[in-house]
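The questions below test the labels against their cut-offs.

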Amino acid sequence: MAPDRQKVTVRTLQRKKMRGEPITMMTAYDYPTARWVDEAGIDVILVGDSLGMVVLGFPNTLPVTVDIMLHHCKAVARGARRALLVGDMPFMSFQVSVEETVRNAGRFLQEAGMDAVKLEGGRERVDAVRALVDAGIPVMGHIGLTPQRVHQFGGFRLQGRTAEAARRLVEDALALEEAGVFAIVLEMVPAQVARYITERLQVPTIGIGAGPYCDGQVLVFHDTVGMFEEFQPKFAKRYAQVAPLIRRALQQYKEEVETRRFPAAEHTTFMDETEWEAFLRLMEAGDGRE
Ligand code: KIV
């Protein structure tokens with residue numbers, strides 16, 4: 001079935017939740033990937049700060065800045081037509097003050113073509129979320145494992161394991177909903193907790209490592225197609241293995257250049273024979289530099 005080409009909005013996601021239709025979300029960080037994800041009919045493209053790890057090679061997402069994010073968001077916006085575009089607010093772009101948060105978030109919509117922003121955190125972000133929503137900026141929440149707190153968590157670990165921790169997650173989710181988020185990412189939380197939150201909220205939940213009961217699912221593109229090989233989170237399914245294909249292609253290119261099999265005739269353009277002979281005559285007559 002051909003995917004519906006109508007632009008996805010926050011209302012589309014709300015309708016999907018009400019109808020019990022799963023929401024699809026995938027990260028993208030550049031123009032060609034945005035085109036592929038959009039053409040696949042995926043509902044939401046997240047320009048995640050995970051790009052710091054899978055594209056830029058940092059050990060975590062903390063070095064990513066607003067300017068880096070905007071650069072990638074602009075490329076994605078040029079490639080996507082239908083999907084809802086969500087730009088991830090990086091570390092220290094929304095922690096300092098509400099004013100700075102609004103100013104930074106505004107740039108994602110005004111300069112980089114995003115439709116919404118995502119920011120990590122629960123109850124401590126309620127003032128920021130309210131101010132963004134007041135400014136007309138749709139906000140996606142993100143609780144559970146929030147990678148910008150990796151040092152505080154002591155690694156990329158499952159969150160909400162104990163009864164008390166799970167209760168705090170529910171409270172965070174409800175506080176964000178009350179503040180006006182249009183959806184919440186639940187990252188690395190036990191499936192029962194994700195289900196409980198999903199059933200309590202009016203807004204959709206999008207899970208990553210949060211089991212099957214969320215209203216939608218998100219994965220990191222590079223994990224999904226097997227482009228990031230340094231580690232594979234347990235929850236990330238690889239639907240393709242492109243890294244070995246790329247490696248083989250590059251090896252073959254190198255060999256063909258070294259053995260002069262590339263470029264072949266079909267990759268080569270020759271000058272018109274008559275022009276070439278005229279050129280040789282010209283050169284024989286002297287190139288005018290004697
Ligand atoms: O940065 C990112 O890609 C994310 C997703 C994992 C939800 O926040």
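Q: Why is Glu-258 called exposed?
A: Its relative accessible area is 55%. Exposed means over 50%, buried means under 20%, and partly exposed lies in between (1.4 Å probe, protein chains only).

Residues are numbered from 1 along each chain as its sequence is written. The model is predicted: local features need pLDDT of at least 70 and side-chain atom pairs pLDDT 80 or more, while totals for chains, interfaces and linings use all residues, and side-chain values rest on heavy atoms, without hydrogens or water.

Q: What makes Lys-254 and Glu-258 a salt bridge?
A: Their side chains meet at 3.2 Å, N to O. The rule asks for a side-chain nitrogen of Lys or Arg within 4 Å of a carboxyl oxygen of Asp or Glu. The pair therefore qualifies.

Q: Why are Lys-254 and Glu-258 separated by about one helical turn?
A: They are four residues apart in helix H11 (residues 242-258). An α-helix has 3.6 residues a turn, so residues three or four places apart point the same way. Lys-254 is partly exposed, at 42% relative accessibility.

Q: Which residues do salt bridges with shared partners join into one network?
A: The network holds Arg-123, Glu-164, Arg-167, Arg-168, Glu-171 and Asp-172. By the salt-bridge rule, the count comes to 19.

Q: How do you know that Arg-123 bridges to Glu-171?
A: The closest N and O atoms are 3.3 Å apart. This pair links distant parts of the chain, 48 residues apart. Arg-123 sits in the loop between strand E4 (116-118) and helix H6 (126-134), and Glu-171 in helix H8 (residues 163-179). Helices are DSSP runs (H or I) of at least four residues and strands (E) of at least two, numbered from the N terminus.

Q: What makes Arg-123 and Glu-171 partly exposed?
A: Arg-123 has a relative accessible area of 39%, and Glu-171 has 32%.

Q: Why is Arg-82 called buried?
A: Its relative accessible area is 7%. Arg-82 lies in the loop between helix H4 (66-79) and strand E3 (84-88). Residues touched by Arg-82 (contact means heavy atoms within 4.5 Å) include Asp-4, Val-8, Asp-38 and Asp-43.

Q: Which residues of H6 are buried, and what do they pack against?
A: Val-126, Ala-128, Val-129, Ala-131 and Leu-132 are buried. They pack against helix H5 (98-110), E4, strand E5 (139-144) and H8.
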